[in-house]
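Below is a short briefing on one protein chain. Please look over its sequence and structure before reading on.

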Amino acid sequence: MALRAAISALHARLVAPDPLDVEARLAAIAERFQHRLRRRPPAVPDPEPTIADQLREYLDGHLTGDVTLKDAAQLLDRSIAHLVRSFTRRYRISPHAYVIGARVDLARKLLLQGMPPARVAVDTGFHDQAHLTRHFTRHVSVPPARYAASFTRFTVAEDPDRS
């Protein structure tokens, strides 16, 4: 059942694929297939907190670019599935969710500095403004432009020197 659910979840994500998310889901499915096809499944290594920390540093260093778990796995000499398992166990969030959250946090800062949402989308690693808006709204509960406008209105109303 877990394999079927994983394949179904992957299929649902392919509507609007995010390479990091798809990569993690494919690795988990491949690992489950390997376990099912072998008479004696290989031992799954225990999650490693230090590897999770190293993956987090890698993700932070590549936050606005095209980050892949394949590159991280090669660099850290671990499988993608092991990286995802270690990271999720340590931080209670998937690497994909972590990257999206960190990008949204960066987008909030840039919007508050007055940068237009279209430029923020590009500078924070989202594919386009729609991609930023979808994730930003999910995290912050308002679209990026409204978030920036409400801060500007609040700042102007509170600042007695501005007229």
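The model is predicted, so local features need pLDDT of at least 70 and side-chain atom pairs count only at pLDDT 80 or more, while totals for chains, interfaces and linings use all residues. Residues are numbered from 1 along each chain as its sequence is written, and side-chain values use heavy atoms, with hydrogens and water left out.

**Overall fold**

- The protein chain has 9 helices and 0 strands; helices (H or I, at least four residues) and strands (E, at least two) are DSSP runs, numbered from the N terminus.
- Along the sequence the pattern reads α-α-α-α-α-α-α-α-α.
- Of the 163 residues in the protein chain, 34% are buried, where buried means under 20% relative accessible area, exposed over 50%, and partly exposed in between (1.4 Å probe, protein chains only).
- Among contacts (heavy atoms within 4.5 Å) with a separation of 6 or more, 57% join residues 24 or more positions apart.
- The accessible surface of the protein chain is about 10200 Å², and carbon and sulfur atoms hold 54% of that surface; accessible areas come from the Shrake-Rupley method with a 1.4 Å probe, and for residues only the protein chains shown count as cover.

**Nonpolar cores**

- A nonpolar core is a set of buried Ala, Val, Leu, Ile, Met, Phe, Trp, Tyr and Cys residues joined through side-chain atoms within 4.5 Å.
- The largest nonpolar core holds 21 residues, of which Leu55, Tyr58, Leu59, Leu69, Ile80, Leu83 and Val99 touch the most other members.
- At least two residues of this core come from each of helix H2 (19-37), helix H3 (49-61), helix H4 (69-76), helix H5 (80-91) and helix H6 (95-112).
- H5 gives the most to this core, with 5 residues.
- Leaving aside residues up to four places away in sequence, Leu83 touches Ile51, Leu55, Leu69, Ala72, Ala73, Leu76 and Arg78.
- A second, separate core has 12 residues, including Leu110, Ala121, Tyr147 and Ala148.

**Helix H3**

- H3 has 13 residues and reaches 18 Å from its first C-alpha to its last, close to the 18 Å expected at 1.5 Å a residue; the expected span is 1.5 Å times one less than the number of residues.
- Ile51, Ala52, Leu55, Tyr58 and Leu59 are buried in H3.
- These residues cover an arc of only 120° around the axis, which puts them on the same side of H3; the arc is that of the directions from the helix axis to the C-beta atoms.
- The buried residues of H3 pack against H4, H5 and H6.
- Exposed residues Thr50, Glu57 and Gly61 sit on the face of H3 turned away from its buried side.

**Helix H8**

- Which residues of H8 are buried? They are His131, Leu132, His135 and Phe136.
- Seen down the axis of H8, the buried residues fall within an arc of 115°, so they line one face of the helix.
- The face turned away from the buried side of H8 carries the exposed residues Ala130 and Arg138.
- At the start of H8, a side-chain oxygen of Asp128 comes to within 3.2 Å of the backbone nitrogen of Ala130.
- Ser141 follows H8 and has a positive phi, near 80°.

**Arginine 103**

- Arg103 lies in helix H6 and is buried, with a relative accessible area of 6%.
- The Arg103 side chain reaches the backbone oxygen of Gly125 at 3.1 Å.
- Not counting residues up to four places away in sequence, Arg103 touches Leu63, Thr64, Gly65, Val67, Thr124, Gly125 and Phe126.

Methods. A polar contact is a pair of N or O atoms within 3.5 Å; within protein, one must be able to donate a hydrogen and the other to accept it, and residues adjacent in sequence count only if both atoms are side-chain atoms.
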